[in-house]
Amino acid sequence: MQNLYVVLGGGGGAGNAIVKALAATGHRVRAVNRRGDAPAPEGVERLAADVTTPHGATAAVAGAAVVYMAAQPPYHRWPQEFPAMLATVIDAVAAVDAKLVMVDNLYMYAPGTTTISEESPESGGTRKGDVRAALAHMLRKAHAAGRVRVTTGRASDYYGPAADNSGITALAIGPAAAGKTIRWLGRLDRRHSVAYLPDIGRAYVTLGDESKADGETWILPHGPAPTGAEFLTAVNAAVPTPRRTGVVSTAMLRLVAPFHRISRESLELGYQWTEDFVADDAKFQRVFGPFETTPLNEAVRSSVEWYRSRT
């Protein structure tokens, strides 16, 4: 029987991209979320489980050879709930002697880290950055102790088909599909690495399959980092009639933060959009490459077309 690959959080943007990429490469896959209704290709097992509990996590990873940790608490509850959730998952994965692949982001890199590699200091500096840095420490400690084999993949802000919980979708892709004004966060003249979900899904398959990924952190392939202006230009090239463009400044976030939870939670991360924020994937490319990323215009067009088909 084929090895079983389990994706926790298989209904979310990154998790579902991993599910699809695993299925496309012929892996045996189980997609796990709380309701058991993760969108999945034919042949993928779907399971309802609450991985914040030992019982739910144990049921979710039963029989697994590789487990992807793409589940997360509500955005505003990270400090209170994320460490305990990850500890529960580590215990469950260790019990079945599976490999754990952490689906991570770049929040642990503090302001001033304009070019981000695996050697960049994980200094946090924000509430969410501190949480992500603490999770990384937990994972390294578990791997070093021999409790569980761990590898971590990190990606910047993502977009793509079915990326409903993406800020880029909310500000640019979704509005473009609906004929509304498209916006960028922060400044239009700063470079910001963006991750196309189908590319990220394929990269996570590599981390799950390759033993030489174990014990390491990897900045996943992103392609050249566009400025906000370049990204919005690509969005407008994907629609029949160009949309009006705009910027959501950090001052605007501060103004609405008391009344809008997502703005309030995003405000501390504004530096990522007012400074250059560029992911350096040289290590991944050197070890596993060449890994071709989808060109920006093609990726944006595919994303916009997916959302237009649903409006």
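First a term I need: I call two residues in contact when they have heavy atoms within 4.5 Å. I also note that this is a predicted model.

**Entry: H5 and H12**

With that cut-off in hand, I looked up where H5 and H12 touch. Thr-169, Ile-173 and Ala-177 in H5 meet Val-300, Ser-303, Val-304, Tyr-307 and Arg-308 in H12. I sorted the residues of this contact and got five nonpolar, two polar and one charged. The helices themselves are H5, residues 167-177, and H12, residues 296-308; their axes come within 8 Å and cross at roughly 60 degrees. I checked the hand too, and H5 crosses H12 in the right-handed sense.

**Entry: the sheet**

Next I traced the strands. I found an open sheet of seven, in the order E3-E2-E1-E4-E5-E7-E11, and the pairing is parallel. Which strands sit at the edges? They are E3 (45-48) and E11 (217-219), each of which pairs on one side only. Going from one strand to the next, I get an average twist of 20 degrees.

I zoomed in on one pair. E1 (residues 4-8) and E2 (residues 28-33) run parallel and are joined by five bridges. Across that pair, Leu-4 faces Arg-28 of E2.

Then I asked what H6 packs on. H6 (residues 197-209) lies on the sheet and touches E1, E4 (64-69), E5 (99-104), E7 and E11. The direction of H6 makes about 150 degrees with that of E5.

**Entry: H1 and H6**

I stayed with H6 and looked at its meeting with H1 (residues 13-24). Their axes come within 8 Å and cross at roughly 65 degrees, and I noted the crossing as right-handed. H1 brings Gly-13, Ala-14, Ala-17, Ile-18, Ala-21 and Leu-22 to the contact, while H6 brings Leu-197, Gly-201, Arg-202, Tyr-204 and Val-205. My tally for this contact reads eight nonpolar, two polar and one charged.

Last, I looked up the second largest pocket, which holds about 190 Å³ of space. It is lined by 15 residues, and the closest to its centre are Arg-140, Thr-152, Gly-215, Glu-216 and Thr-217. Which elements give two or more residues to the lining? I wrote down helix H4 (127-144) and strand E7 (149-154). H4 has the largest share, with four residues. By type, I count eight charged, four polar and three nonpolar residues in this lining.

Key: Residues are numbered from 1 along each chain as its sequence is written. This is a predicted model: local features need pLDDT of at least 70, side-chain atom pairs count only at pLDDT 80 or more; totals for chains, interfaces and linings use all residues. Side-chain values use heavy atoms; hydrogens and water are left out. On a 1 Å grid over the protein atoms alone, a cavity is a set of points where a 1.4 Å probe fits but cannot get out, and a pocket is an open set with protein on both sides within 12 Å along at least five of seven lines; lining residues have an atom within 4 Å of a point. Grid points are joined across faces, edges and corners, and a volume is the space filled by probe spheres set on the points. Ala, Val, Leu, Ile, Met, Phe, Trp, Tyr, Cys and Pro count as nonpolar, Asp, Glu, Lys and Arg as charged, and the others, Gly among them, as polar. Two strands pair if DSSP finds at least two bridges between them. Axes are lines fitted to C-alpha atoms, for helices over the stretch in contact, and angles run from 0 to 180 degrees between N-to-C directions. A crossing is left-handed if the near helix is turned anticlockwise from the far one by less than a right angle, and right-handed if clockwise.
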